[in-house]
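Here is a short briefing to read alongside the model on your screen. Take a moment to look over the fold before going into the details.

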Amino acid sequence: MASDLCSLCSFDSSILALPNKLSRNITFADLLTSARTQCKFCGYLVKAVLSLWTNAHERIDIQLRSRRDVEEANNICELEPRGDYYKKYHSILVYYLEDPNKLLKPYRVVPSSPASEKTWEFVRNQLTECFTYHDKCRAASEAPRSQAKRYLQLGAQSSTLKLVESSAVQITDYAALSYCWGKCAGDDLLLATASTLEKLQSGIAVSDLPPALKDAVEVCFRLGLKFLWIDSLCILQDSPDDWRDQAAKMADVYEGSLVTIIAASGSSVQESFLAHPRLPRPHVGDVEREEGGRVQVYARVSTDFGHHRFVSSLLLGGPQPIGIEPVDLRAWTLQERDLSVRAISYTSFEVQWACRTTQACECGRGTVNGMAQISRMLDDKDALRTWYEAVRQYTSRNLSFDADKLPAIAGLARRLAPQIRSRYIAGLWEQDLLVGLCWCKTSHSSNPSLTGRYPTAYVAPSFSWASVVGLVMKEPHVGPASQACCEVLQVHCSPTSADPYGQVQEGSSLDMYGALVPAVLTRDKEEPGIYIIRIPSMEDYRAFYMLYVDGPLESVGGEETASMHEGWMTSSFWKLISGKGEHGSDVGGVRRRKTQAEGDGIVATPFEQARAKFLPLFFNHNKDRDAAHMIGLVLGTVSSEKGYYERVGSVMIQFNGGQEVGWPLALSQLVWDTWKTYHRNLRLY
């Protein structure tokens, strides 16, 4: 009866569930009181909190929500920490081990160890099913590819291994390892170098390897594989030539492997993924069915690793994301995962399987990953869409060396090149170059390692997303109906090696023709640290400006002295620009902050206000919504020589209806007629 329900959790023993769509804000003290006085189920919730939240105290604010999901009917409720506690604790999911109504198959009990026999059986079963039934995976595996120069060959009983060359030994099915190196001292880590090459070729004991690599050998042994590819032991780490040559084969190495082993849970090669302690799943109690029998109630942290994670909060902002494994933060591992035909991922919760056909996991829950799976988009007709999504995910990750920015995604670029059929230009594609220039560096990343960073040496020209550190997204307002406002005349961009997808030579540039419209960057007096852009020739129009700055800037010349904060000026703010801004003739130009001494003779200073140029790239008018958009770049000074510029940011300008009669036509005339006086040739570095 409703009157018999607990006033706090409202658990209904007749249906073994909480009311549908229940959402109630409580404290842990409320749960403790209810458990002591009246409610057995509240006692189960208390046990779950004490088991899974370290140093839990009575003041913790909690949102109690029912979780009667259609796909996962075994779920009962969720305890989500509120306020500042959200940053300290993970949500708790309370669930039945099996559906109390026996309509769905029960969850599988995940073994406490990733090295359990049950886990090995799961992995072998997935491989067998893929080999037997997945035509798409089989076709991908059998496609012709180049081989790496070296592989590791396992000895008897996987106790030894040696480095062999593919030119001398026939390489059969092999596994590739994707992992995090971590911050290991070079002297403590065995690497393939000119001095260790002979030792590796003679053979080494597996026991001499660091834990993660030792585990990879064990996986190969369990799966009956005789060969293994690990970058640190198969590429000469002290030979730039060998590194460039073998890095260029990365796409073939991972796509050609029988399976890729992903050490997802480890932040370092010194961490064992087979001995990694799994997150606890305590048994908190039992409930009785009216018809007899008991149903076990369990709890776990709702971290949703791997393909259970709905959307990576790395791309959405907020506190440090939950359910993010160390391997999810490393840039190199994106293409290693997405190029693989098959992958076994050792997460903190379970082992997960992914191939070009399906996904599976030890717990048996549904896969609800809302992030675009690049591996499943590789053969899409719209290969450029796949590329822009790959760049979005890639730029939310860390690199130990800025110089690896282009090489670490070169494998994906090489894989998509036959579909795009265009010249590759420092992370952009020539056939879509104007659209490719419309990227913006946003503040919507929770990866703390990216905050406040910018390249310490030349990586790419300023027009490329590879020249900045941080999450990069394609401007969403550029589409098929957009009209180009400028053109690219010539591209000057050459790779530093024979690999067209690797590093590029310093001084790469674009020759363009477009309108260089005078603009001013100004500190917002009401909100220090926020900057706005003013374009005097557009001040007759009411417009919203969304301005993104690529990184720290500095003034060139002029007499300004106030410092400019690093950041993306108004990336989180809509700023209504009105009125005519005043600025003196002593205002200097602007450029990206330099990190090395230069011989250009230009004196650079911090600034309160600086001159810039606005280069419109696209204009579109949406008649249905009575709105128009203009997308362009903010350019700064490269040198005292005229006509040479670098990108310092991007801006989207939105014009809404309600302005003067005939405003769309007048705005169009501004773009195509009035700004003709600003049209000229320029070189963008």
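This is a predicted model: local features need pLDDT of at least 70, side-chain atom pairs count only at pLDDT 80 or more; totals for chains, interfaces and linings use all residues.

Residues are numbered from 1 along each chain as its sequence is written, and side-chain values use heavy atoms, with hydrogens and water left out.

**The whole chain**

- The protein chain has 15 helices and 33 strands; helices (H or I, at least four residues) and strands (E, at least two) are DSSP runs, numbered from the N terminus.
- Of its 685 residues, 55% count as buried, where buried means under 20% relative accessible area, exposed over 50%, and partly exposed in between (1.4 Å probe, protein chains only).
- Among contacts (heavy atoms within 4.5 Å) between residues at least 6 apart in sequence, 71% join residues at least 24 apart.

**A hairpin**

- Strands E11 (residues 283–288) and E12 (residues 294–301) run antiparallel and are joined by 5 bridges; two strands pair if DSSP finds at least two bridges between them.
- Glutamate 288 has arginine 294 in E12 as its bridge partner.
- The hairpin has 5 residues between E11 and E12, and glycine 292 in the turn has a positive phi of about 105°.

**A cavity**

- The whole structure holds 6 cavities of 30 Å³ or more; on a 1 Å grid over the protein atoms alone, a cavity is a set of points where a 1.4 Å probe fits but cannot get out, and lining residues have an atom within 4 Å of a point.
- The second largest cavity has a volume of about 120 Å³, a volume being the space filled by probe spheres set on the points, with grid points joined across faces, edges and corners.
- Of the 16 residues lining the second largest cavity, Arg397, Leu399, Asp402, Lys405 and Val469 are the closest to its centre.

- Leucine 16, in the segment before strand E1 (23–27), has a phi near 55°, a positive value in a residue other than glycine. Leucine 16 counts as buried because its relative accessibility is 8%.
- Arginine 421, in the loop between helix H13 (410–420) and strand E16 (424–425), also has a positive phi of about 55° although it is not a glycine. Arginine 421 counts as exposed because its relative accessibility is 71%.

Terms used. On a 1 Å grid over the protein atoms alone, a cavity is a set of points where a 1.4 Å probe fits but cannot get out, and a pocket is an open set with protein on both sides within 12 Å along at least five of seven lines; lining residues have an atom within 4 Å of a point.
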